[in-house]
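Dear colleague,

Here is the structure I promised to hand over. Please look through it first, and then read on for what was found in it.

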Amino acid sequence: MNFENIATAILTSSLVGLVVGYVLNRRLDAARLRLGEEIRRQADLYDAQSKLFAELLEMTYRIRNVARDLSESKSSIQIPQLSAKSVRRLKEFQEALTELLYKKRGMLPEIIFSMAHDLKQHTAMLETELDLLGHSRVPNDRAHQIYQRVSKLFTEINAIYETMIPLVQVHIGIKTMAN
């Protein structure tokens with residue numbers, strides 16, 4: 001082989017190496033950009049979900065506390081005294097919860113959405129029971145039945161609350177399933 005052929009082979013292989021290196025670097029840079037964008041999107045989603053979960057847990061806690069106060073009243077006679085204020089508060093909480101579910105449905109994991117939806121339905125049933133007590137003279141036996149349903153609804157609302165807390169904590173990384 002002569003010197004000219006050797007020089008051509010070296011230059012050609014160097015040029016091919018540079019072109020391949022350039023193409024690989026461009027692809028690597030593009031992959032880095034995509035990865036960086038994906039990480040940013042995931043961080044934004046995590047932040048948004050964390051805020052959403054905090055708001056959802058707050059509403060769940062407030063609804064649960066109103067239901068608890070009603071269920072812990074000493075008798076069905078005390079419920080009408082609490083019901084007007086409680087119905088008003090529950091309606092506010094349920095409206096906020098409903099609006100949250102409409103606006104943020106896509107950001108909630110299915111299991112948490114399902115629990116929040118069940119909570120909304122239980123809250124509506126609780127409101128109905130309280131409306132029955134607040135808008136008419138209810139015989140004591142009927143009031144007692146309503147009180148029992150209010151207590152049952154509290155138990156169900158409390159179960160949702162108690163289940164939702166660890167699920168949210170796992171989802172945002174505060175707690176693991178093993179904890």
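From the N terminus on, the elements of the chain run α-α-α-α, which gives 4 helices and 0 strands; helices (H or I, at least four residues) and strands (E, at least two) are DSSP runs, numbered from the N terminus. Please bear in mind that this is a predicted model, in which local features need pLDDT of at least 70 and side-chain atom pairs count only at pLDDT 80 or more, whereas totals for chains, interfaces and linings use all residues. Residues are numbered from 1 along each chain as its sequence is written, and side-chain values use heavy atoms, with hydrogens and water left out.

The structure holds 1 aromatic pair, formed by tyrosine 61 and tyrosine 161, which is tilted, with 5.6 Å centre to centre and 35° between the planes. (Rings of Phe, Tyr and Trp, the last by its six-membered ring, pair if their centres lie within 6.5 Å; planes under 30 degrees apart count as stacked, over 60 as edge-to-face and the rest as tilted.) Tyrosine 61 lies in helix α1 (residues 3-71) and tyrosine 161 in helix α4 (residues 140-172), so the pair ties together parts that are 100 residues apart in sequence. Tyrosine 61 is partly exposed, at a relative accessible area of 39%, while tyrosine 161, at 12%, counts as buried; buried means under 20% relative accessible area, exposed over 50%, and partly exposed in between, with a 1.4 Å probe and protein chains only.

Of the 179 residues of the chain, 30% count as buried.

With kind regards
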